[in-house]
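Visitor: Hi! Could you walk me through this one while I have it open in the viewer?
Guide: Happy to, ask away.

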Amino acid sequence: MSKEAFGIDIGGSGIKGAPVNLKKGKLADDRLRIPTPQPSVPDAVADTVAQLIGSFDIDEDMPVGVTFPAVIQHGVAKTAANVDDSWIGTDVDALLTERTGHDVFVVNDADAAGIAEMEFGAGAGQKGVVLMTTLGTGVGSALFNDGELVPNTELGHILYKGESYEKYMADSARERSHLSWAEWAERLQGYYELLEFLFTPDLIIVGGGVSKKHEKFLPLLDLEAPIVPAGLRNEAGIIGAAVLARKERKKAKKGKKKD
Ligand code: BGC
């Protein structure tokens, strides 16, 4: 089987994708970004995804992994964050497979970033419990035990004062409330202390755009587990989605042989 798969990252403002070299954990070509259609309804987004894939000269048989900012259960969107609510209940795998002609496998965006970190980044080779969090507009989470993902943990939505914690400590909250790094770190401290209490992780990985500036806030945190910045930064979603697509395709092929 080829060592490449295609990865796509669907976000509220942009849809980005590239073929991924799965041996190296790197993009195999320049990434293409197309603005997310507005309103970001399933039909329009599916067309954009097909257009994006069509811009690359790739094998018809190449599996495609797609990240989506939602709870994804067996290919179906159960929620929708930063994309149109009409996604809820949509079989995203089926829609994108039909529209692109490729085998498409969809995964929550933070789960995809975590998969990439476990394979090629800050979590590579780490045993035990690893907790990945992405700090952005919202807060995403991915939980692993001995490298196995427990999907859709949604730890940004633990309640704090009656609201999702992410409203209080996402990177967007830091910007919105003009918090200093120290003020923001205080909020993060409370959040990560709670996660430590709940999951006793061996390692915490922090991703999202702001992780580029990790030296401004990670050293201010005092936790039991090591807390480290993500290693793959921007491309983690695309790479993780591609890793997942290849694994899922293998599983599907094995399943068919048994029938
Ligand atoms: C969503 C998650 C997503 C995270 C990061 C949260 O608001 O509920 O599904 O992973 O934002 O985009």
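Visitor: Is Arg99 buried, partly exposed or exposed, and what is its relative accessibility?
Guide: This is a predicted model, and in it Arg99 counts as partly exposed, at 25% relative accessibility.

Visitor: Which residue forms a salt bridge with Arg99?
Guide: Asp47 does, with the closest N and O atoms 2.8 Å apart. That pair links distant parts of the chain: Asp47 sits in helix H1 (residues 42–54) and Arg99 in helix H2 (residues 92–100), 52 residues apart. Asp47 is partly exposed, with a relative accessible area of 43%.

Visitor: How many salt bridges does the structure hold?
Guide: There are 11. One of them brings together the side chains of Arg249 and Asp103, at 3.0 Å from N to O. Here too the pair links distant parts of the chain, with Arg249 in helix H8 (residues 236–258) and Asp103 in the loop between H2 and strand S8 (104–108), 146 residues apart.

Visitor: And Arg249, buried or exposed?
Guide: Arg249 counts as buried because its relative accessibility is 5%, under the 20% cut-off. Asp103, at 35%, counts as partly exposed.

Visitor: What about Lys251, which residue is its salt-bridge partner?
Guide: Glu248, with the closest N and O atoms 3.1 Å apart. Lys251 is exposed at 55%, while Glu248 is partly exposed at 24%.

Visitor: Switching to strands: why is S2 described as largely enclosed?
Guide: Because 7 of the 8 residues of S2 (residues 14–21) are buried. S2 runs antiparallel to strand S1 (residues 4–10), joined by 7 bridges, and Phe6 has Pro19 in S2 as its bridge partner. A hairpin through 3 residues connects S1 to S2.

Visitor: Which residue stands opposite Gly17?
Guide: Leu32 in S4. S2 and S4 (residues 32–35) pair in the antiparallel sense over 4 bridges. S2 also forms a hairpin with S3, with 4 residues between them, and Gly25 in that turn has a positive phi of about 70°.

Visitor: Last one: where is Asp202?
Guide: Asp202 lies in the loop between helix H6 (181–199) and strand S14 (203–207), and is partly exposed at 39%. Beyond neighbours within four places in sequence, Asp202 contacts Gln126, Lys127, Gly128, Val129, Ala225 and Pro226. The C-alpha atoms of Asp202 and Ala225 are 5.6 Å apart, although 23 residues separate them along the chain.

Methods. Residues numbered from 1 in each chain as written. Predicted model: local features only at pLDDT ≥ 70, side-chain atom pairs only at ≥ 80, totals over all residues. Heavy atoms only, no water. Helix = DSSP H or I, 4+ residues; strand = E, 2+ residues; numbered from the N terminus. Buried < 20%, exposed > 50% of the residue type's maximum accessible area, 1.4 Å probe, protein only. Contact = heavy atoms within 4.5 Å. Pairing = 2+ DSSP bridges. Salt bridge = Lys/Arg side-chain N within 4 Å of Asp/Glu carboxyl O.
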